[in-house]
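Please follow this tour with the structure open in a viewer. Each stop says what to select next and what is there.

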Amino acid sequence: MLRLVQEIWIYNPLEPSNLSNEKRITNHESQTPLEVKTMKKLSQTQSIPSKTIGVLALQGAFREHRHILERLGVGVREVRLPADLEGISGLIIPGGESTTMAKLMMDYQLKQPIRDFAAHGGAIWGTCAGAILLAKDIENQVDAHISTASDQPRLELMHTRVRRNAFGRQVDSFQASLEIVGMDQPFKAIFIRAPVFLEVGDAVQVLSRVGDQIVLAREGKLLASSFHPELTGDPRVHQYFLDMTLEP
Ligand code: GLN
């Protein structure tokens, strides 16, 4: 377990050439018996939607989401252009670096098409940097005492105010066992330069916390996690999102 945490610590979502770490993290051997058992159970007994899930593939950990969805038997499309949103039933915005991803989202003219996708009932899940992009308001933590409102581009879809890097820097990355609403066993969650949700709107359902900090929340067909379920191999949050895409 400790070895896994150390490997994750040196994982840098900004470094696409970091393939050996990527391989180790997605390696089945690093999964606990619970994860392997859950994956088998889900792929054998649950109804897997035949629809396609899009993964925003501008930057960050999109391949890891792709792998876990494929292992669940789901069709996946990497989304880079507005036309790629056509016909998908859900969109995952991965972790990475929200400022870079936001800039690319604007350069590729994806902001309004993604907002339209949500307005027409498409489900969207943002993990870490992706959760920052979903937020109405973003706060940058300058130091322990000072934080500033950020004007970085974002989708402004979810009624959350997020604080970036709320647990510190890359070296302060950590793993925590989370109680998640609706899950009967704890979820091993990995936090890398993670945000927290400082405030959430009335329509937002809090699904999990670390201490008193909100780390998983849902508003209608929007889901936001400040941690990285795609790095652990435990598919339960992915399955939760797939179920959301099937809701009317
Ligand atoms: N701290 C990063 C940001 O602000 C997010 C880190 C992550 O996605 N792991 O964009």
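Select glutamate 156, which sits in the loop between S6 and S7; helices (H or I, at least four residues) and strands (E, at least two) are DSSP runs, numbered from the N terminus. The model is predicted: local features need pLDDT of at least 70, side-chain atom pairs count only at pLDDT 80 or more, and totals for chains, interfaces and linings use all residues. Residue numbers start from 1 along each chain as its sequence is written.

Glutamate 156 is not a glycine, yet its phi is positive, near 55°. Most residues other than glycine have a negative phi. Glutamate 156 counts as partly exposed because it has 14 C-beta neighbours inside 10 Å. The cut-offs are 20 or more other C-beta atoms within 10 Å for buried, 12 or fewer for exposed, and partly exposed in between, with C-beta atoms placed from the backbone.

Next, go to glutamine 109, in the loop between helix H5 (98–107) and helix H6 (111–119). Glutamine 109 also has a positive phi, about 55°, without being a glycine. Glutamine 109 is exposed, since 10 other C-beta atoms lie within 10 Å.

Now select strand S5 (residues 135–141). S5 pairs with strand S7 (residues 158–163) in the parallel sense over 4 bridges; two strands pair if DSSP finds at least two bridges between them. Glutamate 139 stands opposite arginine 163 in S7. Strand S6 (residues 147–149) runs antiparallel to S5, joined by 3 bridges, and asparagine 140 stands opposite threonine 148 in S6. S5 and S6 make a hairpin with 5 residues between them.

Move to strand S3 (residues 88–93), where 5 of the 6 residues are buried. S3 is joined by 4 bridges to strand S1 (residues 52–56), in parallel, with isoleucine 53 opposite glycine 90 in S3. S3 also pairs in the parallel sense with strand S4 (residues 123–127), over 4 bridges. Here isoleucine 93 has glycine 126 in S4 as its bridge partner.

Select helix H4 (residues 62–71): its buried residues include Phe62, His65 and Leu69. Just after H4, glycine 73 takes a positive phi of about 85°.

Finish at the ligand. Which residues come nearest to the ligand? Of the 12 around it, they are Gly95, Ser98, Cys128, Ala129 and Arg193; a residue is near if its C-beta atom, placed from the backbone, lies within 6 Å. By class, the shell has 5 nonpolar, 4 polar and 3 charged residues. Ala, Val, Leu, Ile, Met, Phe, Trp, Tyr, Cys and Pro count as nonpolar, Asp, Glu, Lys and Arg as charged, and the others, Gly among them, as polar.
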